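Colleague: I am new to this structure and would like a guided look at it. Could we go through it step by step?

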Amino acid sequence: MRDMRYFLLIAFVLFGGLGYKTYQRYRTMQNTQQNLWLKQGKTLSKFILAFRDTYQEAFLTHHIPLDNRTLNLLPVKTIGSISKKLSGDLDNGVEIRTVSDRPRNPTNQANDFEQQMMDWFRHHPDQDEDVVNRGDDFYYLRPLRVTSTCLQCHGKREAAPPAIRSRYYTAYDYKLGDVRGLTSVRIAKNGVAKMLFTNFVVSTITMLFLYMMFMAAIYVLIRKMNAMRLQYARNLERDIAEKTEALTKQKDAFETLFEKSSDGIIILEDYRIIQCNEKAIDMFGHVSKDDLVGMRLSSLSPDHQSDGRPSLEKGDAAVEVAYAHGYHQFEWTYTRRDGTMFLADVTMTPIVLEGREVLYVVVHDISEKKEAEIQLREQKNALYHQAHHDALTHLPNRTLLLDRLNQEIKRIERDQTTLALFFIDVDDFKKINDTLGHPIGDKVLIRVAEYLASPLQDTDTLARIGGDEFVIMTECSGSIDFTSDLAQKILDLFQKPMTIEGHTLYLSLSIGISLFPQDASSVDDLLKYGDAAMYAAKNSGKNRYHFYAPTMTRLLMERVTLEQEMRHAMETEAFCVHYQPQVEATTGRVMGLEALIRWEHPEKGMIPPGTFIPLAEETGLVVEIDRWVMRTAMRQVRAWREEGLDPGILSLNLTVQQLMSDDFISVLESEMMANTFAPEWLKLEILEREVMTHPDRSIQRLTQLSTMGIGIAIDDFGTGHSSLSYLKQLPLDAIKIDRSFIQGIVTNADDDSIIKAVIALAKSLNLNVIAEGVETREQVDFLVANGCTNIQGYFFARPMSAEAMHGMLTTQNMTE
């Protein structure tokens with residue numbers, strides 16, 4: 001009976017839905033009629049207008065003259081006839097009219113309705129069409145607006161073609177955009193409406209029929225479902241009885257497995273043990289369940305686990321994971337009753353037991369397994385060490401050396417540095433073995449390994465690759481001299497005799513050196529070339545090192561040649577001094593100049609300072625060169641001043657070698673006296689990074705210079721990591737902003753901020769600021785705007801000869 005009520009309710013709801021759907025379809029039918037009429041009206045209207053535009057275009061494009069013969073071909077004459085003809089041919093209740101309120105053709109006169117619609121379009125200039133339902137007819141209307149082509153016949157009468165002007169006296173003085181006509185398409189509604197209504201009635205009857213069939217099917221289905229439900233209830237009662245019996249058997253089996261499991265099983269509720277099996281009692285060293293039941297789990301654990309975490313904290317985290325993921329497996333250290341500890345693999349699973357949420361914990365003792373793993377790991381490590389290290393010296397063997405060489409070469413290629421390989425052989429070692437025996441020989445090799453390791457860095461590798469052969473792998477730090485120095489240091493270690501079990505031995509080494517990537521591009525070639533260089537050292541008399549010939553010969557020859565040529569240039573005064581002005585940006589006046597050394601080689605041309613100055617510093621020639629520049633520049637500046645020119649302050653670069661030389665102060669005083677050079681005319685510029693190599697001594701020396709009245713400037717400020725505490729102690733007059741920051745002006749906000757900070761710092765310390773390396777107007781404007789007006793760089797002038805500088809100073813003198 002209840003199912004029948006549901007059936008009637010469903011039938012009523014479906015019938016209501018069917019009625020609503022029928023209403024929607026009726027509305028859709030009405031909209032379809034409207035759309036059909038609108039589409040038909042638009043199509044016919046566009047056709048008439050297209051015909052009109054085509055005719056007008058033909059007359060204009062082909063320049064057809066208007067006379068009595070062609071006049072009747074104008075759209076205004078023909079469009080009405082065509083519309084009437086087309087309406088008659090359609091014969092489906094459609095009437096097309098093209099009318100005007102001021103027609104030259106009386107048949108095109110608008111009726112009252114059409115006149116009203118033209119007025120409507122005039123008051124709604126943004127509308128280009130309208131649809132009107134009027135009685136039994138549907139009207140689609142489009143305004144005819146005056147275009148530029150219309151004005152040729154309807155503009156000023158005196159401007160109209162003669163054929164028009166002579167024939168018509170009205171319909172002139174039209175204005176562009178005026179609504180002077182209308183295209184009206186009238187469509188009778190009866191035909192289309194009847195057809196659509198017939199379709200609507202047929203589809204509605206069909207839907208009612210299908211509704212009745214559907215409801216009948218549902219009624220039959222409900223009857224069958226009732227019968228099936230009764231059968232399902234009887235089957236369910238039978239299944240419940242069978243499954244209850246199976247669950248009882250499973251419970252008995254679970255209890256048996258629980259007690260007889262080889263793993264300890266604990267059931268926890270609120271971190272307390274409420275049940276456990278016999279294995280758990282035995283595992284924790286207790287006698288009965290009563291000993292464990294009621295205990296908190298924390299009492300079975302040490303205060304901290306093996307990873308250092310507190311047991312309470314780690315236990316809480318494990319419980320959270322178990323509840324979050326349904327289970328959690330982890331390792332845990334437990335404490336037995338006697339205080340001993342064991343490691344277990346624990347699986348924790350949340351379950352519902354007799355309506356209570358508990359944790360089912362399985363504890364598997366893995367102490368023996370872990371101990372076996374540790375022993376296996378130790379054995380593996382020992383075997384690895386034996387396979388990759390020399391048994392006597394415990395140094396890396398050839399296998400490990402090759403592995404490290406391959407890795408290091410990849411890094412060297414990436415960092416674009418140099419790797420040096422020392423191939424070392426103990427001279428005449430065979431005689432020691434033959435005369436003193438192999439045990440003494442082995443001890444000698446052990447002592448040699450210790451000596452070789454002493455000068456090496458942690459990143460270097462020392463390996464024994466067999467017999468008395470050793471290999472050192474090291475990265476070259478700086479120039480090739482580093483490699484030579486290390487080789488010589490190793491040779492020096494063996495200059496003193498070695499005592500082994502009462503035997504005094506004098507040892508020497510032969511060392512061959514190969515470089516990557518200069519000599520070789522592979523590990524095999526690097527070892528081969530190092531070996532060849534080592535034998536070359538032996539053949540040259542032993543107790544020495546030898547570079548692989550192609551590389552060492554070329555590098556040494558270039559270096560030796562350049563040093564010889566540089567010394568010759570000093571003797572013949574082949575160097576010259578160029579001057580770069582330092583300009584006050586707001587006035588353009590030269591306020592000083594920097595003296596810069598240049599070397600015009602007779603064969604190689606201009607050699608950049610970056611090529612020969614580092615070599616001069618290494619060989620000590622830089623002091624002599626600096627003094628020559630100082631003497632030459634002082635003499636030149638004094639000569640300019642005697643001519644009445646104003647070169648401002650002379651800036652000389654001061655190296656730390658020059659500053660720290662014992663006679664520098666006395667030499668400087670002598671040069672100033674010899675050239676009648678006032679101390680206020682001179683400023684010495686020293687690199688920030690060089691000052692910071694010996695800050696205390698630098699401060700002492702620079703203070704002496706400052707008390708003499710000589711200006712002191714820090715060059716390349718911002719690159720040497722000087723501290724403010726030292727900066728305040730330096731007797732400075734000025735700081736020069738490094739060109740690396742100047743280049744980032746405008747394009748790099750960080751550089752902009754650094755420059756502003758340097759200028760602010762200089763002002764707070766009452767120091768002048770000079771910006772060097774300035775090349776663009778944007779850089780000048782930025783510096784001046786932020787308070788730095790002393791500029792040096794290509795924007796104002798490149799370094800120039802004394803003659804060119806003389807001309808620049810003369811021009812400045814003449815303009816003042």
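Predicted model: local features only at pLDDT ≥ 70, side-chain atom pairs only at ≥ 80, totals over all residues.

Colleague: How many helices and strands does the chain have?

Modeller: There are 27 helices and 25 strands. Helices (H or I, at least four residues) and strands (E, at least two) are DSSP runs, numbered from the N terminus.

Colleague: And what share of the residues counts as buried?

Modeller: Of the 816 residues, 42% are buried. Buried means under 20% relative accessible area, exposed means over 50%, and partly exposed lies in between, with a 1.4 Å probe and protein chains only.

Colleague: Let us turn to α3. How many residues does α3 have?

Modeller: Helix α3, residues 112-123, has 12 residues. It reaches 17 Å from its first C-alpha to its last, close to the 16 Å expected at 1.5 Å a residue; the expected span is 1.5 Å times one less than the number of residues.

Colleague: Which residues of α3 are buried?

Modeller: They are F113, E114, M117, M118 and F121. These residues cover an arc of only 140 degrees around the axis, which puts them on the same side of α3; the arc is that of the directions from the helix axis to the C-beta atoms. On the other side, D112, Q116 and H123 are exposed.

Colleague: What covers the buried residues of α3?

Modeller: The cover includes strands β1 (94-100), β2 (130-134), β3 (137-145) and β4 (179-188). Contact here means heavy atoms within 4.5 Å.

Colleague: Now α9. Which of its residues are buried?

Modeller: In α9, S311, K314, G315, A318, V319 and A322 are buried. Seen down the axis, they fall within an arc of 140 degrees, so they line one face of the helix. On the other side of α9, L312, E320 and A324 are exposed. The cover of the buried residues includes β7 (328-335), β8 (341-353) and β9 (356-365).

Colleague: Why does S311 count as buried?

Modeller: S311 counts as buried because its relative accessibility is 7%. Its side chain also makes a polar contact of 3.0 Å with the side chain of Q305. A polar contact is a pair of N or O atoms within 3.5 Å; within protein, one must be able to donate a hydrogen and the other to accept it, and residues adjacent in sequence count only if both atoms are side-chain atoms.

Colleague: What about β11: which strand does it join?

Modeller: Strand β11 (residues 461-466) is joined to β12 (residues 469-475) by five bridges, and the two run antiparallel. Strands pair if DSSP finds at least two bridges between them. G466 stands opposite E469 in β12. The hairpin has two residues between the strands, and G467 takes a positive phi near 55 degrees there. Five of the six residues of β11 are buried.

Colleague: Last topic: where does N397 lie?

Modeller: N397 lies in the loop between α10 (367-388) and α11 (398-415). Its side chain reaches the backbone nitrogen of L400 at 3.1 Å. N397 is buried, with a relative accessible area of 14%, and the residues that N397 touches include A463 and R464.

Definitions and conventions
Residues numbered from 1 in each chain as written. Heavy atoms only, no water. Lists of a residue's contacts leave out its neighbours within four places in sequence.
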